[in-house]
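Please look over the salt bridges in this model with me. My notes follow, point by point.

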Amino acid sequence: MVSIGIKGGNTVADCLSCPARPRMLCAGMEDRLLPRLNAVSTGVTLQRGESLFFEGDSTSHVYNVVDGTLRLSRVGADGRRQIMGFLGTGDYLGHTSRSEYSLSADALTDVKVCRFARDDLMRLCQENPALERQFHHLTAGMLDDMQDLVFSLGRKTALERVASFLVHQLDRASMSDSLPGQLTLPMTRADIADFLGLTLETVSRAFSRLKREGIIVIQQAHTIHVEDRPRLISLADGDG
């Protein structure tokens, strides 16, 4: 059973005042059409450690992340876990042609999402070209991220992978109210290692080297500050 806390459906006023709207699926709808999207959506809140859905659950709903960080994971036939990604504000998940989810989504922080019945949302997309364009934009962004990940895992060294991960997180933070260069990483070093296909020890050594060379300052376990962004980007690109 899905471990989530569900609140009442969002009001249109909530949608109009939502600070995340420019990055959300609803960015593709005119204000006057929001009631139609609102009618098929439900606000869902999760506390840190709760799951939005599990691998094998029915794919009856799709989700748009309003706030917080979700971890996507999948368990192989050998029982080992693979981290498939980390999602934040604006990210869209759950859309698939399969009848069951092929991964699990867990909250690394307190999380808020908008939940849509998949069939209802697809009907609205067919009726509203602007919404359909935004839907395809979000889907294309997910495919781009997947291609970048495949490239990073296949061609880059361990240090380059860690640097690429941090650059990606910086790019995402630039779209929020975070201080320049400030990164809050709710995932553990083990999560990062699993995501990048590295060992925990290798990731720890990479962070230590970046700190030693003055590229980052580790302020707390989950908070770092990037002191030398050009150098970090150079390492990520293999020019270090």
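1. A term to settle before the accessibility values: buried means under 20% relative accessible area, exposed means over 50%, and partly exposed covers what lies in between. Keep in mind that this is a predicted model.

2. The structure holds 13 salt bridges. Three of them are taken up below.

3. Start with R81 and D191. Their side chains meet in a salt bridge at 3.1 Å, N to O. The two residues sit 110 apart in the chain, R81 in strand β6 (residues 81-87) and D191 in helix α6 (residues 189-196). R81 is partly exposed, at 35% relative accessible area. D191, at 4%, is buried.

4. R81 also forms a salt bridge with D194, at 3.2 Å, N to O. This pair ties together parts 113 residues apart in sequence, because R81 belongs to strand β6 and D194 to helix α6. D194 has a relative accessibility of 16%, so it counts as buried under the 20% cut-off.

5. Both contacts belong to a wider set. R71, R81, D106, D191 and D194 are linked in a network of salt bridges.

6. Now R231 and E213. Their side chains form a salt bridge at 3.4 Å, N to O. R231 lies in helix α8 (residues 229-236), while E213 is in the loop between α7 (200-212) and β11 (216-220); the two are 18 residues apart.

7. Is E213 buried or partly exposed? Its relative accessibility is 37%, so E213 counts as partly exposed, between the 20% and 50% limits. R231 is partly exposed too, at 26%.

Technical notes: Residues are numbered from 1 along each chain as its sequence is written. This is a predicted model: local features need pLDDT of at least 70, side-chain atom pairs count only at pLDDT 80 or more; totals for chains, interfaces and linings use all residues. Side-chain values use heavy atoms; hydrogens and water are left out. A salt bridge is a side-chain nitrogen of Lys or Arg within 4 Å of a carboxyl oxygen of Asp or Glu. Helices (H or I, at least four residues) and strands (E, at least two) are DSSP runs, numbered from the N terminus. Buried means under 20% relative accessible area, exposed over 50%, partly exposed in between (1.4 Å probe, protein chains only).
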